Amino acid sequence: MTTDMSSLTGRPVIIGGGAAGLMTALCLAPEPVVLLSKSPLGAEASSMWAQGGLAAAVGEDDTPALHFTDTIAAGAGLCDEAAAWRIVHEAPAAVERLTALGVAFDRRPDGRWRLGLEAAHGRKRIVHATGDGTGREIMRALIAAVRRTPSITLLEGVEARRLLVEDNAVRGVLAANDRGVLTLSTNRVVIATGGIGGLFADSTNPGGCFGQGLALAAHAGAKLSDLEFVQFHPTAFDGPSRPMSLLTEAIRGDGAVLIDETGLRFMADEPGAELAPRDIVARAVWRHRAAGHRTFLDARKNPGADFPQRYPMISAFCKMAGIDPANDPIPIRPAVHYHMGGIAVDGEGRSSVQGLWACGEAARTGLHGANRLASNSLMEAIVCARWVTESIDGLGAGPRAMLRDQAHAAPADPAIVRPILTQGLGVLRDRDGIARAIRSLHPLARAQSTASDAALVGLMIAVAAIRREESRGGHFRSDFPESAPSAQSSSLTRADALATARDIVESIPSARSAKS
């Protein structure tokens, strides 16, 4: 590799080219920073695909207190209330910050925000851009801002493989691209790598988002929290394309309903009906399909003829599939959409490893609890980026580290892991299914192969899931269908997960010993 790394020594390194990483880099300006993106900016970022928008109490009938109440209710008892209160109060300022960076949010003719309603929100508070293209518009503006900011050194096509840690403190980043390996000496690293949807066969996330940041943190010894809570979006387009196209909740906010092939509206008698929290709607769709039905989003009446204007991107991909949403029901099924768990961080985004921060979906701030409220994710990434940068400024650059040569990890490939997680950690889970997943993932996670990092993240999710013997939010155990009287967050490290998995594997008699 020909890039001279010496000039980058000591700079903060941000890993990830989605909204969280880009916003962190911009908030740090004019301090020189390095931004690593394993693909061209926006190419594999879930932020680019976000349709619903950004939740913020900017309406005349709304307040941050009401937004907070809805967030806590959706989180099923596991939100960190102090973190949630602080974050939602900063959401209106985040909208203004993005507007100043050039994001063209939708407005009414009188200049007021054009706000949408989504599931489990008590007010219209979803700020959109170009209808259903909010993520794309936010990423367009952020990418343009990053490219014109001279203090940001952007290394596209460079993938972080390991964090270099001594005495529980970050000393550098080992990275690679198709031309070789490079080592960045730094005592300040931000993981902003997004979610874990690429670990599953059916997901609305790009296939390249499969928890690499969680693997980096786990190998570095960091604590991870609430990994068992995986959000399945109830209305992904039921077709062969991957990632699966999303049918935003805003369509149901506009009055669309869920039906089966007979025309039965199977959510009609449920509290909240189609606008119940996502976990409830996803389980209802899942069970109806398991009973042998097909499931559809029916937007023929509402929004009806206005569909192409309200949702141009969705209308376009429906048209490619031969469907006219104004006249045809749209086939849907649940798909992995968001990970509530992640790297355990404090109010400034600091992990349990000195010099390591996390921001966006890779972080567990406590905002989402067991079930994320719709459109709180983009908001969290933008809000928390500023607090992360303030904390980084407080640390300052350390002395140049003398880094030892280390063998670098191979590029990760989740292909082997996807069927294991899909079968064992789906919408409905039980001990036998989770244990089977653990037995399959354990040897893969301990090996040194292209599957090991993905298997490690999957294993940690499975261990957290088997430990939680209750149902709460995005984690539903059919063998423990009730919620425990009190809600407790989970926490584990790589060592914890491997030890628990080993005990589970060793507790199962081999086929040979069982026959003897």
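# A guided reading of the predicted model

The secondary structure of this protein comprises 15 helices and 19 strands. The model is predicted, and its pLDDT averages 92, with 94% of the residues scoring at least 70. Over residues 511-516, however, the pLDDT is below 50, and this stretch makes zero contacts in the model beyond near neighbours in sequence.

The overall dimensions may be considered next. The C-alpha trace spans about 75 × 65 × 45 Å along its principal axes. A compact globule of 516 residues would have a radius of gyration near 24 Å, so the value of 22 Å for this protein agrees with that expectation. Of the 516 residues, 59% are buried. Among contacts between residues at least 6 apart in sequence, 73% join residues at least 24 apart.

At the start of H3, a side-chain oxygen of aspartate 80 comes to within 3.1 Å of the backbone nitrogen of alanine 82. Further along, H3 bends by about 40° at alanine 91, and proline 92 follows within four residues. After the helix comes glycine 102, whose phi is positive, near 105°.

The buried residues of H3 are Ala83, Ala84, Ile87, Val88, Ala91, Ala94, Val95 and Leu98. The spacing of such a list can be read against the geometry of a helix. An α-helix has 3.6 residues a turn, so residues three or four places apart point the same way. The cover over the buried residues of H3 includes helices H1 (19-28), H2 (64-74), H4 (134-147) and H10 (376-395), together with strands S3 (54-55) and S5 (126-127).

Attention now passes to a loop residue. Serine 203 is located in the loop between strand S10 (189-191) and helix H5 (212-219). Serine 203 counts as buried because its relative accessibility is 4%, and buried means under 20%. Leaving aside residues up to four places away in sequence, serine 203 touches Gly197, Gly198, Pro243, Met244, Ala335 and Val336. With one of these, glycine 197, there is a polar approach: the backbone oxygen of glycine 197 lies 3.4 Å from a polar atom of the serine 203 side chain. Serine 203 and tyrosine 338 are 135 residues apart along the chain, yet their C-alpha atoms are separated by 9.1 Å.

H13 is mostly covered, with 15 of its 16 residues buried.

In the loop between H13 and strand S19 (491-492) is arginine 472. Is this arginine buried or exposed? Arginine 472 is buried, since its relative accessible area is 9%. Its side chain reaches the backbone oxygen of alanine 484 at 3.0 Å. Apart from residues up to four places away in sequence, arginine 472 touches Ala76, Gly77, Leu78, Phe229, Ala370, Ser483, Ala484, Ser486 and Ala487.

How values were computed
Residues are numbered from 1 along each chain as its sequence is written. This is a predicted model: local features need pLDDT of at least 70, side-chain atom pairs count only at pLDDT 80 or more; totals for chains, interfaces and linings use all residues. Side-chain values use heavy atoms; hydrogens and water are left out. The bend at a residue is the angle between axes fitted to the seven residues ending there and the seven starting there. Helices (H or I, at least four residues) and strands (E, at least two) are DSSP runs, numbered from the N terminus. Buried means under 20% relative accessible area, exposed over 50%, partly exposed in between (1.4 Å probe, protein chains only). Contact means heavy atoms within 4.5 Å. A polar contact is a pair of N or O atoms within 3.5 Å; within protein, one must be able to donate a hydrogen and the other to accept it, and residues adjacent in sequence count only if both atoms are side-chain atoms. pLDDT is the predictor's confidence in each residue, from 0 to 100. The radius of gyration is taken over C-alpha atoms; the globule rule is 2.2 Å times the number of residues to the power 0.38.
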